[in-house]
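This report concerns the fold of a single protein chain. Please consult the sequence and the model displayed below while reading.

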Amino acid sequence: MAKLTIKKNLSDADMFVGHKEVITFENSPVEEEAAKPVKPVAKKQQPDFHSSFFTPELQEKVGKGLLEIKMQLFKEGIVDFDIKVNREGTKLILSAIPVKPAKTDRQPK
């Protein structure tokens with residue numbers, strides 16, 4: 001076997017003088033372009049049956065009302081709550097119900 005000597009204090013450019021890289025599957029730029037994921041064609045989404053009644057204007061009104069309720073409950077010290085939906089005739093009633101803390105067998109320290 002031939003003894004190789006490594007020269008010290010060479011720059012990166014000096015170390016690669018005369019070296020030609022062999023193109024393989026690991027470093028081929030053509031394959032990298034082909035390997036990029038193809039974006040699927042977006043299908044036209046059909047409007048959801050339930051959201052067809054919920055126009056953007058109505059969403060904004062309901063969102064503002066829910067935000068006001070959330071702020072009022074926060075001022076009262078209620079942070080966790082659920083929204084209960086009831087229907088009475090032609091009225092739809094949204095009620096904020098506080099979530100009861102889960103009971104545990106541990107005693108407070």
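The following paragraphs treat the overall architecture, the secondary structure elements and the surface.

The coordinates are those of a predicted model. The protein chain contains three helices and two strands, and their order along the sequence is α-α-α-β-β.

Helix 3 covers residues 56-75, a run of 20 residues. From the first C-alpha of helix 3 to the last, the distance is 29 Å, close to the 28 Å expected at 1.5 Å a residue. Just after helix 3 comes Gly77, which adopts a positive phi of about 90°.

Strand 1, residues 81-88, pairs with strand 2, residues 91-98, in the antiparallel sense, and eight bridges connect the two. Within this pairing, Phe81 lies opposite Pro98 of strand 2.

| Residue | Location | Phi |
|---|---|---|
| Gly77 | just after helix 3 | positive, about 90° |

How much of the protein chain counts as buried? Of its 109 residues, 2% fall in that class. The accessible surface of the protein chain is about 11900 Å², and carbon and sulfur atoms account for 58% of that area. As for contacts between residues at least 6 apart in sequence, 9% of those in the protein chain link residues at least 24 apart.

Methods:
Residues are numbered from 1 along each chain as its sequence is written. This is a predicted model: local features need pLDDT of at least 70, side-chain atom pairs count only at pLDDT 80 or more; totals for chains, interfaces and linings use all residues. Side-chain values use heavy atoms; hydrogens and water are left out. Two strands pair if DSSP finds at least two bridges between them. Helices (H or I, at least four residues) and strands (E, at least two) are DSSP runs, numbered from the N terminus. The expected span of a helix is 1.5 Å times one less than its number of residues. Buried means under 20% relative accessible area, exposed over 50%, partly exposed in between (1.4 Å probe, protein chains only). Contact means heavy atoms within 4.5 Å. Accessible areas come from the Shrake-Rupley method with a 1.4 Å probe; for residues, only the protein chains shown count as cover.
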